[in-house]
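Me: Hi! I'd like to talk through this model with you, piece by piece. Could you take a look?

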Amino acid sequence: MIRMTLVAALAALVQTGSHAQDTARPAVVLTDEGRAVHFSGMLFDGHNDLPWELRESGNSSFDQVDIAKNQPHQHTDIPRLKRGGVKAQFWSVYVSADTMLTGDALLQTMQQIDIVDQMLKRYPQTFEFASSAAEIERIVKSGKIASMMGVEGGHSIEGSLGNLRRLYDRGCRYMTLTHSKNLSWADSATDEEKHGGLTDFGKEVVREMNRLGMLVDLSHVSPAVMHQAIDVSSAPVIFSHSSALAINDHARNVPDDVLKRMPDNGGVVMVNFFSKFVIPTAQRNENEDAPGTIHDVVDHIHHIATVAGVDHVGIGSDFDGVPRLPAQLEDVSTYPLITQELLNRGYTKPDIHKILGGNVLRALRGAEKVAKR
Ligand SMILES: [Zn+2]
């Protein structure tokens, strides 16, 4: 989730109108084969901020924003989820890190969980709540979108393992350790280093998440936290919406030395689509507002597949949480084009299916197995 400033909103508008394209690389054209490979797989996206978008612009009400209808001002609605072949989704129950100052982080997080509850109740033909990997598989087979929740930022637990357990009990199956600001127990990638990683309590949070079977999400955290959390965790970790630092050196992207630890850990790095995280440094230096194209995103997928292995890469769009997106990845209807571009680059159907969702499902199952021990 990125807070959109008015300037960014205007920039996004201008770009949507300009249809900027990667002149060196042509638009991706979906073939019958691409469509078949995509829809026979299980797309399980790691991060969608529709609940926050609903809170901000829809008064948290599906009466005001009926997602059964086209909602062109958002990235997500039911008609486009279907066109995109979304089979499972982690819905983010993000609340601002500023709630650390107002003291109502848990309350607001519970309100976001309630929005997801409302969505599931209002559109029962489309969505079903999932609390385990087995449930995801069952729901996907039934033709509905398996819906799991993820907490974005350890501020939501207000320093209490009891609150962490409450969030697990309400259905949350990952927690991003930090958002954009440091906590009293963990450093964020986008704040000044304070603890040198995780404090003792931070390590305890990771162990408690392992015990519960809640995935430890390392998007947004500092590289020191990434390494220490991998050291402490006895379960696979995820990056629910992060791209590769080697391609674009944004502080929030994942360095190669962390990618190289994924095979031992069994974790997954799910690539974020936000232009600012995706566009290569050189290209970005020429034009800070360049939106980029789908090719830039697939470059990140390919880099992670090369350095960490094809078993350790996934998709975490950040739709409805970011103000600017690459051409041909403008909303949730566009995922089949990623499958197509992976085919174009020589990826096999089994490998594409791993990237779309098989890998994150394996990581979730791994975390459940550790919890049972
Ligand atoms: Zn985020």
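Me: Let's start with strand 5, residues 172-176: how many of its five residues are buried?
Reply: Five of the five, so strand 5 is mostly covered. Buried means that 20 or more other C-beta atoms lie within 10 Å of a residue's own; exposed means 12 or fewer, partly exposed is in between, and C-beta atoms are placed from the backbone. Helices (H or I, at least four residues) and strands (E, at least two) are DSSP runs, numbered from the N terminus.

Me: Before I go on, what kind of model is this, and how are residues numbered?
Reply: This is a predicted model, in which local features need pLDDT of at least 70 and side-chain atom pairs count only at pLDDT 80 or more, while totals for chains, interfaces and linings use all residues. Residues are numbered from 1 along each chain as its sequence is written.

Me: Thanks! Which way does strand 4 run relative to strand 5, parallel or antiparallel?
Reply: Parallel: four bridges join strand 4 (residues 145-152) to strand 5. Pairing here requires at least two bridges found by DSSP between the strands. E152 stands opposite T176 in strand 5.

Me: And how many bridges are there between strand 5 and strand 6?
Reply: Three, again in the parallel sense, with strand 6 covering residues 215-217. There, Y174 stands opposite L215.

Me: What do strand 4, helix 8 and strand 5 make?
Reply: A right-handed β-α-β unit, with helix 8 at residues 161-169. Right-handed means that, with the strands pointing away from the viewer, the path from the first strand over the helix to the second runs clockwise. Strand 5, helix 9 (residues 200-212) and strand 6 also make a right-handed β-α-β unit.

Me: Switching to helix 7, which of its residues are buried?
Reply: In helix 7 (residues 133-142), they are A133, I136, I139 and V140. They sit on the same side of helix 7 because they cover an arc of only 125° around the axis, the arc being that of the directions from the helix axis to the C-beta atoms.

Me: What do those buried residues pack against?
Reply: Strand 2 (86-92), strand 3 (127-129), strand 4 and helix 17. Contact means C-beta atoms, placed from the backbone, within 7 Å. The face turned away from the buried side carries the exposed residues K141 and S142. After helix 7 comes G143, with a positive phi near 95°.

Me: How many residues are in the largest nonpolar core?
Reply: It has 107, and V269 and I304 have the most contacts inside it. Helix 17 (residues 349-372) gives the largest share of this core, eight residues. Such a core is a set of buried Ala, Val, Leu, Ile, Met, Phe, Trp, Tyr and Cys residues joined through C-beta atoms within 7 Å.

Me: What does I304 touch, leaving aside neighbours within four places in sequence?
Reply: I304 is in contact with A244, L259, V269, V271, H312 and V313.

Me: Now T348: buried or exposed?
Reply: T348 counts as exposed because it has 12 other C-beta atoms within 10 Å. T348 lies in the loop between helix 16 (335-344) and helix 17. Its C-alpha atom is 9.4 Å from that of V37, though the two are 311 residues apart along the chain.

Me: Last one: how many helices and strands are in the protein?
Reply: There are 17 helices and nine strands. Buried residues make up 54% of the 373 residues.

Definitions and conventions: Contact = placed C-beta atoms within 7 Å.
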